[in-house]
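Colleague: Before I use this model in a calculation, I would like to go through its local geometry with you, one question at a time.

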Amino acid sequence: RWIPAVATRVPAGLREARASLRGEVRVRRDTRHVEVALPVFSARASAGALVGSLTFDGAQGSSHAHLAVHGTLDPVALGAQEGLFRTREAPVQIDTDVTIEGARVALERTHLATRGLTFDGDAAVTRGSSRVRLRDARLAVEIEALRTLVTRVPEGLAGLSARCVLDAELDRERPESGFVYARAIDLRAPSAQVRGEVRWDGLNPRGRVRFALDAPRIALPERARDEDHDEPAGFNLPAWTRTIDASGTLRVGALVAGQRTFEQVDLDATLAGGALALRRGRFRIGGGEVNADGSNVTFGDDDVTLHARVQTGWIRLEQVLTPEPGSTPAPRGRVVAEVSLDGSGRDPDALRRSLRGRVGLLLHDVRVTPHARPRVRITNRLLARFANRPPDDRPPSEVHIAHAHALFDLANERWTTVSPFLADTGFGAVSLRGQFNPGPHFALEGELELDPAALQEMT
């Protein structure tokens with residue numbers, strides 16, 4: 001009789017239950033007091049079968065019960081969606097103290113467990129209300145065990161185990177009035193371990209999220225290349241990136257992305273109205289620090305807009321640039337860069353082609369192996385006679401740049417020198433001014449000044 005006091009809706013799978021009971025029942029008629037002690041009972045219904053013990057002590061307006069059972073339950077008979085569970089006999093263990101005072105129902109010192117999921121804590125509901133309150137609830141999830149019970153577990157969560165302490169207010173009818181606060185988070189996966197806390201107020205895509213997370217190491221999954229499609233993939237951003245209000249900090253000791261490792265990652269970011277802003281964005285790569293404070297990305301309905309402001313310390317090129325298999329070795333040496341670029345596009349390639357802005361570079365002790373020897377047509381007869389020689393099929397020799405500095409404007413995939421590119425090379429000084437495309441097929445419109453010895457060496 002006290003089940004409807006706990007649950008406003010009794011599932012159909014429990015309406016026709018059969019029970020085998022052994023225990024003691026005492027009734028005090030004068031105070032309408034009821035005491036029930038069932039040290040051993042078993043119950044079976046279309047929703048499952050349970051074995052355990054029950055004590056109940058109730059009077060008018062107030063009652064208390066302790067329930068400790070284990071067995072199996074049918075999730076579908078209890079209202080779960082068809083196909084969500086792999087079995088109709090899910091193992092379950094329940095141990096809880098239930099206190100009923102008027103319309104308030106409290107579950108204290110509650111332990112709920114099934115395959116891959118454990119809950120320990122307190123909960124409270126009000127009869128006739130859809131609101132549930134959780135306090136100091138310890139939640140533990142083991143994805144590999146849960147996958148044997150539930151069908152719809154994303155592949156990206158494979159091997160994940162998670163633990164946290166949970167405070168929450170959940171309202172099925174008005175989710176925007178609730179909140180979830182997870183603290184003492186400990187996520188462990190083969191590629192990462194994350195600790196920290198997250199609070200979500202207003203449980204919908206327009207809610208507000210605050211977070212503070214730390215991780216010693218995160219390895220990002222490599223994107224598989226689709227050899228059957230030449231068109232670049234779009235950003236495919238979820239709709240919530242344009243509605244959620246989120247802010248917080250993320251610190252990662254080592255962030256591994258393919259063959260690159262970003263160290264001491266320190267982010268303080270906000271995401272509001274589809275705009276991701278870095279109040280603080282710093283990391284180390286190639287031995288130098290990168291500072292992206294003040295950069296932001298705006299997620300539109302069809303495209304992404306980038307506003308990049310980046311400064312670097314001395315970075316070793318060979319630790320950042322990874323050549324394609326079979327190509328020439330990656331450049332070696334150190335570089336300092338200052339970047340101010342803006343652009344927008346529907347996909348990464350379109351975004352790259354749209355970039356406009358200014359880039360400053362300072363090079364030191366850089367060694368580059370060109371893809372091929374340049375072919376140069378010389379109009380000065382004397383210089384042409386000096387440089388003329390039979391075709392040379394030998395692979396190009398390494399170019400050593402002792403020092404170099406330059407400032408460029410970038411627009412329409414073409415680089416224009418704001419100040420000349422001045423380089424002190426192993427075979428003399430080189431000065432370049434004009435427009436050029438630094439791709440595999442180098443094209444220059446402008447002026448190139450170099451020593452004759454350098455021309456003979458390079459061509």
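Colleague: With the side chain of which residue does the side chain of D167 make a polar contact?

Modeller: The two side chains come to 2.7 Å of each other, a polar contact being a pair of N or O atoms within 3.5 Å, of which, within protein, one must be able to donate a hydrogen and the other to accept it, while residues adjacent in sequence count only if both atoms are side-chain atoms. This is a predicted model, in which local features need pLDDT of at least 70 and side-chain atom pairs count only at pLDDT 80 or more, whereas totals for chains, interfaces and linings use all residues. Residues are numbered from 1 along each chain as its sequence is written, and side-chain values use heavy atoms, with hydrogens and water left out. The partner of D167 is R183.

Colleague: Is D167 buried or exposed, and which backbone nitrogen does its side chain reach?

Modeller: D167 belongs to strand β9, residues 161-171, strands being DSSP runs of E with at least two residues, numbered from the N terminus. Its relative accessible area is 17%, so D167 is buried; buried means under 20%, exposed over 50% and partly exposed in between, with a 1.4 Å probe and protein chains only. Among the residues that D167 touches are L134, R135, F179 and Y181, not counting residues up to four places away in sequence, and such a contact means heavy atoms within 4.5 Å. At 2.7 Å, the side chain of D167 reaches the backbone nitrogen of D136.

Colleague: In what sense do β8 and β9 pair, and which residue of β9 is the bridge partner of R133?

Modeller: Two strands pair if DSSP finds at least two bridges between them, and β8 and β9 pair in the antiparallel sense over 10 bridges. Strand β8 (residues 131-142) also pairs with β7 (residues 117-126), again in the antiparallel sense, over eight bridges, with L117 opposite V141. For R133, the bridge partner in β9 is E169.

Colleague: What is phi of G128, in the turn of the hairpin formed by β7 and β8?

Modeller: Four residues lie between the two strands of this hairpin, and S130 is found in that loop. G128 has a positive phi, of about 85 degrees.

Colleague: Why does S130 count as buried, and with which side chain does its own side chain make a polar contact?

Modeller: S130 counts as buried because its relative accessibility is 10%. Its side chain reaches the backbone nitrogen of E173 at 3.5 Å, and S130 touches L170, D171, R172 and E173, leaving aside residues up to four places away in sequence. The side-chain polar contact, at 2.5 Å, is with D171.

Colleague: How are the rings of F408 and W415 arranged?

Modeller: Four aromatic pairs are found in the whole structure, the rings of Phe, Tyr and Trp (its six-membered ring) being paired if their centres lie within 6.5 Å, with planes under 30 degrees apart counted as stacked, over 60 as edge-to-face and the rest as tilted. The centres of F408 and W415 are 5.7 Å apart and their planes stand at 85 degrees, so the pair is edge-to-face.

Colleague: What is phi of N412, which is not a glycine?

Modeller: Most residues other than glycine have a negative phi. N412 lies in the loop between β22 and β23 and counts as exposed at 54% relative accessibility. Its phi is positive, at about 55 degrees.
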